[in-house]
Amino acid sequence: MLDDKSRPLLNRRAFLQGLGALTVLPAAIALSERAAGAASRPSGPWVKQGLLVRSRRPLDLETPMGLLGDDLTPIPHFFVRTHHDEPQITASHWRLALEGLVRRPRSWTLADLRQLPAHEVTAVLQCSGNGRAFYRPRVPGVPWERGAVGNARWRGARLRDVLEACGLEAEAAHVVLQGADQPVLPSTPRFGRSIPLAKALHPDTLLAYEMNGEPLPVLHGHPVRAVVPGWVGDDWVKWLTTLRVQADPFDGFFYQTAYRYPRQPVSPGSAVKPEDMGPMDELVVKSLITGPLQGARVPRAGLPIRGVAWSGGGIPVTRVEVSVDDGLHWADATLLGEAQPYAWRRWAFDWMPAAGQPGGLLRLRARATDARGRVQPTEPSPWNPSGYQWNTADTVEVTLDA
């Protein structure tokens, strides 16, 4: 994974030249969100919640920024990512098969999991493609903008307890996670992922059956999903039905072909050989401006700027900086609440225009730094063929009253 500190910063002119079309993206965000809100919502409960439909089948729903300012993202506002149609599963008939390199293969019921010690973790879930719409040249995939992310409190059994109850063979090195969702076409591969055994045995990796204190909803993986905190969302497999312990990583499409990232930087628009790609693991450091919203008019009485920030690998954010002049000057925001390893942290910055400050366009930016020293870059995120891990310093345009 690329280290943000190793990426050279551009000066302002080079940044704007290299960014090209990205400088107009805040306006594009507003137009896209209005268009999605007005024309793209099918019937369904998410209509009342204001989620943006990025795909109808399979269902992919994005959260507008105005709904992301809380410590925990309410379930009705939480983004939805699916690869196939959601399966119809009743908790009473659900079973989780544990097979492969274990001494005692068995099938687990939800009641069995609830008999194990429950563990709780608050963690950010973000789709790897969050921000894909901002890459230039454009890349294929769900055109997520900023809201394919949420922060929730997850509760369930430790995956480690389930694995150890069945006894691991000496050759065990990876755990394959497979769900009950079935592709519409027989030729389409089923969704599955594998994680290294060390991550599977981590005490915070869960088989979650609750979300924000409620039973896991269907769209979020009912009755049980994987929670792999600090890692990208493609590892958080929903509707789990099979755990397979094996010596090698999963050999399926969604591990060997999809959700891969270049091992080295590549030129925008270039093809990348499969052998030069590798799986993603940790989230990258990132912040979002959740208020004011794109296109807002702000009074001269002052501008409260609010947002959230997080990082990957269980490393907390230690600093958020805000700029009101497109990155020419930066000032520290105030971090709110307690730092938690996997959760996002809210931040606040109150700006007052100086006497004589002219009205007109303001380009707000925010960047985060984590305890490992990784800094959210101000230049465009490294281009990659699938548009993963966008974490360029967030940008919102507003108009200051004259």
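User: Let's start with Phe 134. Buried or exposed?
Analyst: Phe 134 is buried, at a relative accessible area of 7%. Bear in mind that this is a predicted model.

User: How many aromatic pairs are there in the whole structure?
Analyst: A search of the whole structure gives 11 aromatic pairs. In one of them, Phe 134 pairs with Trp 390. The geometry is edge-to-face, with 5.6 Å centre to centre and 65° between the planes.

User: Where do Phe 134 and Trp 390 lie?
Analyst: Both are in loops. Phe 134 lies between strand S5 (118–126) and strand S6 (149–158). Trp 390 lies between strand S22 (360–370) and strand S23 (394–400). The pair therefore ties together parts that are 256 residues apart in sequence.

User: And Trp 390, buried or exposed?
Analyst: Buried. Its relative accessible area is 7%.

User: OK, next pair. What is the geometry of Trp 310 and Trp 344?
Analyst: Trp 310 and Trp 344 form a tilted pair. The centres are 5.9 Å apart, and the planes make an angle of 40°.

User: Which parts does that pair tie together?
Analyst: Trp 310 is in strand S17 (residues 303–310). Trp 344 is in the loop between strand S20 (334–335) and strand S21 (345–351). So the pair links parts 34 residues apart in sequence.

User: Are those two tryptophans buried or exposed?
Analyst: Trp 310 is buried, with a relative accessible area of 0%. Trp 344 is buried as well, at 4%.

User: Which residues form an aromatic cluster?
Analyst: One cluster is made up of Phe 78, Phe 79, Trp 144, Trp 154 and Trp 236.

User: Switching to charges. Which rings have the charged end of an Arg over them?
Analyst: The charged end of Arg 367 sits over the ring of Trp 330, 4.0 Å from its centre. Arg 260 has its charged end over the ring of Tyr 255, 5.8 Å from the centre.

Notes
Residues are numbered from 1 along each chain as its sequence is written. This is a predicted model: local features need pLDDT of at least 70, side-chain atom pairs count only at pLDDT 80 or more; totals for chains, interfaces and linings use all residues. Side-chain values use heavy atoms; hydrogens and water are left out. Rings of Phe, Tyr and Trp (its six-membered ring) pair if their centres lie within 6.5 Å; planes under 30 degrees apart count as stacked, over 60 as edge-to-face and the rest as tilted. Helices (H or I, at least four residues) and strands (E, at least two) are DSSP runs, numbered from the N terminus. Buried means under 20% relative accessible area, exposed over 50%, partly exposed in between (1.4 Å probe, protein chains only). A charge sits over a ring if NZ of Lys or CZ of Arg is within 6 Å of the ring centre and within 35 degrees of the ring normal.
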